[in-house]
Amino acid sequence: MKTILRLTICLFVLLNSSLVNCQSKMVPIKGGEYTPLYGREGVKVQVADFLMDVYPVTNDDFLKFVKENPTWRKSKVIRLFADERYLIDWINDTQLGPEQQLNSPITNVSWFAAKNYCEIQGKRLPTVDEWEYVAMSNETVADARSLENYNKYILSWYEKPKTFDNVVGSTFKNYWKVYDMHGLVWEWTSDFNSVLITGESRNDVDKNSELFCGSAAINATDLMNYAAFMRYAIRGSLKAKYTMKNLGFRCVKDIK
Amino acid sequence: MKIHKTQAFTLLLGILLIFGCSDDDKKVLAAKDSAAIVIQGTVKAELTAPPFVPQPVGNRPAKKLLVDMEIIEKEGEMADGVKYVYWTFGGSVPGSFIRTRVGDEVEFTLSNHPDNKLPHNIDLHAVTGPGGGAESSFVAPGHKKTFSFKTLNPGLYVYHCATAPVGMHIANGMYGLILVEPEGGLPPVDKEYYIMQGDFYTSGDNGERGLQSFDMKKAVEEDADYVVFNGKVGALTGDNAITANVGETVRLFVGNGGPNLTSSFHVIGEIFDNVHVEGGSVMNKNVQTTSIPAGGATIVDFKVEVPGTFILVDHAIFRAFNKGALGMLKVKGEENKKVYSGIKQEGIYLPEGGSIQSMPKEAKTKTVAVVQEKSLAQKIADGKQVYMKTCFACHQATGQGIPNAFPPLAKSDYLNANVDRAIGIVKHGKTGEITVNGKKYNSVMTAQNISDIEIADVMTYIYNSWGNNKTNVTVDRVKKVK
């Protein structure tokens, strides 16, 4: 059944023929202006049009990738580019762990590995702005951040253990027809460390007036900030060679 | 003459100033330099889950103390049938108890379990340094961080997670206590326990079953669904009660993780002999209730003189009986009638005076009043009123009781099995262990000071509510139960 589904997606993509590979379907994201969490109120950021993977990269996708690119096999990878937990649940270089499913998101990969994966597909990692821009939508509206339900959904995900075992597409399809932006795994972005949230979140409040953190600490009723802070916090705790069981990625592509 | 006077005054002032700054005062003013205490050797810290504490430090020299703590996000039970995902230091709420002495160099390693979803850190109030260690310990899942600090001030201190959003991390259980003993240790006692209060905010109301998620709105509004000791309802009641023997001294290390509420900590039937006010060096004596701020702690000790069950509460009392802030200290041993007599005598209270009164004989024949039995509907309606006035506080609105303290009346096998026994309990009270729906309860129900008619009404109401067996209890039947 899954194979049939895959083939169908593949055929669909081929018929559309605007996209080269059938590993992951991409959808167009219409760019625009938005106020990011970390921006100053009223200062908007421009996001250009781009294409984004519908699903996060799966175990299956990454398996194919390491078969074709041996430098990223777990036995070969250079420690500078991935820590000791890189693909830790895999039995060996080309076999998933007994508990892992082919269509679950790939996790325990470093930023370097994710970046190279996308490049080899002719794509790239999304920027924080691109990722956040797509992630602020719910099923029906492009910017759902002021809606209580949207924020509640994200906050409740933080409390659900082991969602990394779920398969891609198991959360909702958002306004842009992109799945799993919330509720499955965290995702790498190309500039994940550009907004520095140090370990001392209260200090961020004090020092960096450009962060909304400051106003959020005073006006803590803002659920949007709470839900999103967690993402900035997790990004802030990472280094490029880190790997995490809850952290995967997806790719984007510029529209020429 | 005038000049002379002024000079004398200046001289006097000078003398006063000199004597005012005596050697004793200098000692008080000059802070003892704990940073200069030399450490001797290395030791791995013993960490304990509540309500237990590690062995006293006593008079050991200052050492390098290795503390290894793991952060685990895991599902637990807030109350019977109510599940909650706790974020923990060391797998328990509150987190593992850390015991140090002044001058120790604590080398702290914080590990974030790979299955966890979030980055965390630790802010120890015992740390003198930015963030209390938070910045140095910010750690992603699957990683660990090590930092060290010198314990400069003796006292009992809270630690907690300080990762954004700080309130949510604390509200999910990320707090605990670290004790810094003074030189030579604390005075020895017979029993020591670790208790920490916390307030919880769930998507459902108090008692709503199933997996409950954290409710940010309620947290911001400080509208707690649960206020509990040691992370859950019943963590310190029934079989989990802390214990002591008559004649022993008991020390409680009591913290308040918050995130929001201040605790009015009280032990019913005891007076604290000593209280380290706010966990610091000021000693207060003979205290009934001590205030523990959110993010604060206190050390209390007292001697237990008589046996029995002593109830630990937040004396903001609805929290104790309605939200869970209730624990038990069970004391075994010989009665001491000098300290506490128990019931000495039961008698009839006659407001008009103690002289013997008798009814005129001829009246007796006339006054055998016949009680008119009410309709079932009327009894249920009247019984409900009695229930709300007399029984509600312990057995709760829908007869669900309070876990580990007061048995349920709803669908109660004990209640439905024997109507006369139940009537007897309402009439005469009940002390000791009973088993209701497979769970043991050991508490006291006092005899209820209500009339036979009221007993018939309230029993009928209870039997005709919440899935019970619909017995219609008559006044006659109540009268027959001796």
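Arg251(B) is buried (under 20% relative accessible area, against over 50% for exposed and in between for partly exposed, with a 1.4 Å probe and protein chains only), its own relative accessible area being 3%. Its side chain meets that of Glu192(B) in a salt bridge, with N to O at 2.8 Å; a salt bridge here is a side-chain nitrogen of Lys or Arg within 4 Å of a carboxyl oxygen of Asp or Glu. The pair links distant parts of the chain, 59 residues apart, with Arg251(B) in strand 14 (residues 249-258) and Glu192(B) in strand 10 (residues 191-200) of chain B. Helices (H or I, at least four residues) and strands (E, at least two) are DSSP runs, numbered from the N terminus. Glu192(B) is buried too, at 16%.

All of this comes from a predicted model, in which local features need pLDDT of at least 70 and side-chain atom pairs count only at pLDDT 80 or more, while totals for chains, interfaces and linings use all residues. Residues are numbered from 1 along each chain as its sequence is written, chains are lettered from A and ligands numbered from 1 in the order in which they are written, and side-chain values use heavy atoms, leaving out hydrogens and water.

Over all chains, the salt bridges come to 34. In chain A, Glu132(A) pairs with Arg231(A) at 2.7 Å, N to O. Glu132(A) sits in helix 4 (residues 128-135) and Arg231(A) in helix 8 (residues 223-236), so this pair ties together parts that are 99 residues apart in sequence. Both residues are buried. Back in chain B, Glu373(B) and Lys379(B) meet at 2.6 Å, N to O; Glu373(B) is partly exposed at 33%, whereas Lys379(B) is buried at 1%. Shared partners also join Asp89(A), Lys162(A), Lys245(A) and Asp115(B) into one network of salt bridges.

As for disulfides (pairs of cysteine sulfur atoms within 2.5 Å), the count over all chains is one. Cys118(A) and Cys251(A) form it, with their sulfurs 2.1 Å apart, and the link is left-handed, with -80° about the S-S bond. Cys118(A) lies in helix 3 (residues 111-120) and Cys251(A) in the loop between strand 6 (247-248) and strand 7 (252-254) of chain A, so the bond ties together parts 133 residues apart in sequence. Both cysteines are buried. Cys394(B), partly exposed at 30%, has its closest cysteine sulfur in Cys391(B), 8.9 Å away and too far for a bond.
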